[in-house]
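Reader: I am new to reading protein models, and I would like to go through one slowly with you. Could you show me what to look for, step by step?

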Amino acid sequence: MPSLKLENVAKHFGGLKAVDKVSMEVPPGEITGLIGPNGAGKSTVVNMISGVLALTEGDITVDGVSVATDRADIVARKGVARTFQNIRLLPEATVLDNVMIGFHRREEAGVLAQMLGLPAARRDTKRFEEKAWDLLRRFRMEDFAEYEAGNLAYGHQRRVEMMRAIAAEPDIVLLDEPVAGMNDVESDELATIFRELADSGMGLLLIEHNVGFVTRLCKKVYVLDSGRMIASGDPEAVVRDPQVVAAYIGT
Ligand code: ADP
Ligand code: MG
């Protein structure tokens, strides 16, 4: 299973160094944390990895191969999936259909065949449907399969977004504040799912504002502040680091 690596990655918006020479690694089979106060540059990191934003400097590799200049759809096809800080679902489509869209990210030919109504496409649809139901069960969402996604409670919409992101069985998944706005029960349920995904070999990058949640789940944590990596390592040690404490008190 491949590892995702960032080497001296920077993003400047005019004079603002939103991300300044950041290096980090998201290994397979682990949950890696990325924390930091609002405006630290966390979402910008995800946007660069996923091909939404171009890098100003540095390199990003998956399994040793650079993806730094790849478009978002290419990055997705190379096995890196993401969720967005602001949920992006098709609100009028069902939960099941929203999950099904996720399969198509990695299988362009399959989508074309489906549009043309080829027999192979019907087999694909059947196979995708079975996989979608597996996901719905794993996320305890099978009772909501036929609901319109836009009518769901916020926590459930977040789950749909996550199922869609992991439908194509990515090697790496980037989760931008996945438990924001959830209560403790909901975030504990998601924590269990994240562990299961990591145990299955997936590499997770968990971006969070909530330090406690990350500390409990992650093997390694990176801390960004004003675009700079101010600490990294064992979560328990990192949260006691005076620079990290200062960064959080400063907000
Ligand atoms: P975080 O996700 O850690 O809260 P962001 O990555 O969203 O932080 O933002 C980091 C900094 O970059 C902020 O100062 C933000 O205002 C700025 N920023 C983010 N995206 C853009 C953009 N597209 N254009 C200009 N500035 C941006
Ligand atoms: Mg953000």
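Author: What follows is a conversation about domains, strands, a ligand shell, a core and a few backbone angles.

Author: This is a predicted model, in which local features need pLDDT of at least 70, side-chain atom pairs count only at pLDDT 80 or more, and totals for chains, interfaces and linings use all residues. Residues are numbered from 1 along each chain as its sequence is written, while chains are lettered from A and ligands numbered from 1 in the order in which they are written.

Reader: Which domains does the chain have, and where do their bounds come from?

Author: Domain bounds come from an automatic or database domain assignment. Here that assignment gives domain 1, made of 1-79 + 170-251, and domain 2, made of 90-165. Taken over C-alpha atoms, the centres of domain 1 and domain 2 are separated by 26 Å.

Reader: How many residues of each domain are in contact with the other?

Author: Two residues are in contact if their C-beta atoms, placed from the backbone, lie within 7 Å. By that rule, 8 residues of domain 1 are in contact with 9 residues of domain 2. On the side of domain 1 that touches domain 2, the elements giving two or more residues are α2 (72-77) and α7 (184-199); helices (H or I, at least four residues) and strands (E, at least two) are DSSP runs, numbered from the N terminus. By class, this side of domain 1 has 5 nonpolar, 1 polar and 2 charged residues, where Ala, Val, Leu, Ile, Met, Phe, Trp, Tyr, Cys and Pro count as nonpolar, Asp, Glu, Lys and Arg as charged, and the others, Gly among them, as polar.

Reader: How should I read a sheet, and in what order do the strands of the open sheet come?

Author: Two strands pair if DSSP finds at least two bridges between them. In this model, 4 strands form an open sheet in the order β2-β1-β4-β5, with antiparallel pairing, and the edge strands, β2 and β5 (65-66), each pair on one side only. Strand β1 (residues 4-13) pairs with strand β2 (residues 16-26) over 7 bridges, and H12 has K17 in β2 as its bridge partner. On its way through the sheet, β1 is also joined by 5 bridges to strand β4 (residues 57-62), with A10 standing opposite E57. Between β4 and β5 there are 2 bridges, and T61 stands opposite S66 in β5.

Reader: What surrounds ligand 1?

Author: A residue is near a molecule or strand if its C-beta atom, placed from the backbone, lies within 6 Å of it. Ligand 1 is surrounded by F13, L16, A18, G36, N38, G39, A40, G41, K42, S43 and T44. The largest share of this shell, 3 residues, comes from α1, and by class the shell has 4 nonpolar, 6 polar and 1 charged residues.

Reader: Is α1 buried or exposed?

Author: A residue is buried if 20 or more other C-beta atoms lie within 10 Å of its own, exposed if 12 or fewer, and partly exposed in between, with C-beta atoms placed from the backbone. Because 8 of the 8 residues of α1 are buried, the helix is largely enclosed by the rest of the structure.

Author: A nonpolar core is a set of buried Ala, Val, Leu, Ile, Met, Phe, Trp, Tyr and Cys residues joined through C-beta atoms within 7 Å. The largest such core has 70 residues, of which V99, V173, L204, L206 and V223 touch the most other members, and this core draws at least three residues from each of domain 1 and domain 2.
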